[in-house]
Amino acid sequence: MQPDPRTNLSNQLADTLTNRSVAPDEKREITITFRASYAEKARLEQRCSGVVQSDYIRARLFDYPLPHPKLVIPEVNRQAIYELKKIGNNLNQQTRAINEAVKIGSQPLTNEVKSYLRTIEELTALLSQTRQALTQASVEGQSNDYQNKS
């Protein structure tokens, strides 16, 4: 009998957390301040691009994994994704309406209707791929920026 994958994952997570020098779940009650030059501050800001500075510093000091920067999708992509989602929702509503009409018998399932449903299915898949491509391009662009700054 194989062990439950959730148990394995839980055990791996526990091992990872116990191997850290400082437990990340401890309540942080102390504030530490230090002085830096303008050049050091600029370098820190450059390296932290998109990441909270305290999280970045903590990760470097205590050997935590480096946090990932927040995903910022360019406005142009955000608008395109929004419009694509609206179009996709409309296509889904049409598909549901046609399927319901066929189900209750008010619309016969003709070859023309089948063809239309296939076309809607293809358009929905294309919309999904386009949305993913827009999001992925944003993620990759930020990932490359982040890697180049580290």
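R58 sits in helix α3. The model is a predicted one. At 19% relative accessibility, R58 counts as buried, because the cut-off for that class is under 20%. Its side chain makes a polar contact of 3.0 Å with the side chain of D55. Beyond its neighbours within four places in sequence, R58 is in contact with R28, D63 and Y64.

**Helix α3 and its end**

Helix α3 covers residues 53-62, and its buried residues are Y56, R58 and A59. Seen down the axis of α3, these buried residues fall within an arc of 165°, so they line one face of the helix. What do the buried residues of α3 pack against? They pack against α2, which spans residues 38-47.

Just after α3 comes D63, with a positive phi of about 60°. That positive value occurs in a residue other than glycine. D63 belongs to the loop between α3 and α4. Is D63 buried or exposed? D63 counts as exposed, because its relative accessibility is 66% and the exposed class begins over 50%.

The lining consists of F34, R35, A36, E40, K41, R43, L44, R47, Q53, Y56 and I57. By class, five of these residues are nonpolar, one is polar and five are charged. Y56 belongs to this lining and is also one of the buried residues of α3.

I73 lies in the loop between α3 and α4, the latter being residues 75-104. I73 is buried, because its relative accessible area is 17% and the limit is under 20%. The C-alpha atom of I73 is 8.7 Å from that of L134, and the two residues are 61 apart along the chain.

T95 is part of helix α4. T95 counts as partly exposed, since its relative accessibility is 22%, a value that falls between the 20% and 50% limits. The side chain of T95 reaches the backbone oxygen of L91 at 2.9 Å. Leaving aside neighbours within four places in sequence, T95 is in contact with L117 and I120.

| Residue | Relative accessibility | Class |
|---|---|---|
| D63 | 66% | exposed |
| I73 | 17% | buried |
| T95 | 22% | partly exposed |

**The chain as a whole**

How many helices and strands does the chain have? The chain has five helices and zero strands. Along the sequence, the pattern reads α-α-α-α-α. The chain has 150 residues, and buried residues make up 15% of them.

Key
Residues numbered from 1 in each chain as written. Predicted model: local features only at pLDDT ≥ 70, side-chain atom pairs only at ≥ 80, totals over all residues. Heavy atoms only, no water. Buried < 20%, exposed > 50% of the residue type's maximum accessible area, 1.4 Å probe, protein only. Helix = DSSP H or I, 4+ residues; strand = E, 2+ residues; numbered from the N terminus. Arc of directions from axis to C-beta. Contact = heavy atoms within 4.5 Å. 1 Å grid on protein atoms, 1.4 Å probe; cavity = no way out; pocket = protein on both sides within 12 Å on 5 of 7 lines; lining within 4 Å. Nonpolar A, V, L, I, M, F, W, Y, C, P; charged D, E, K, R; others polar. Polar contact = N/O pair within 3.5 Å; in protein donor to acceptor, adjacent residues only side chain to side chain.
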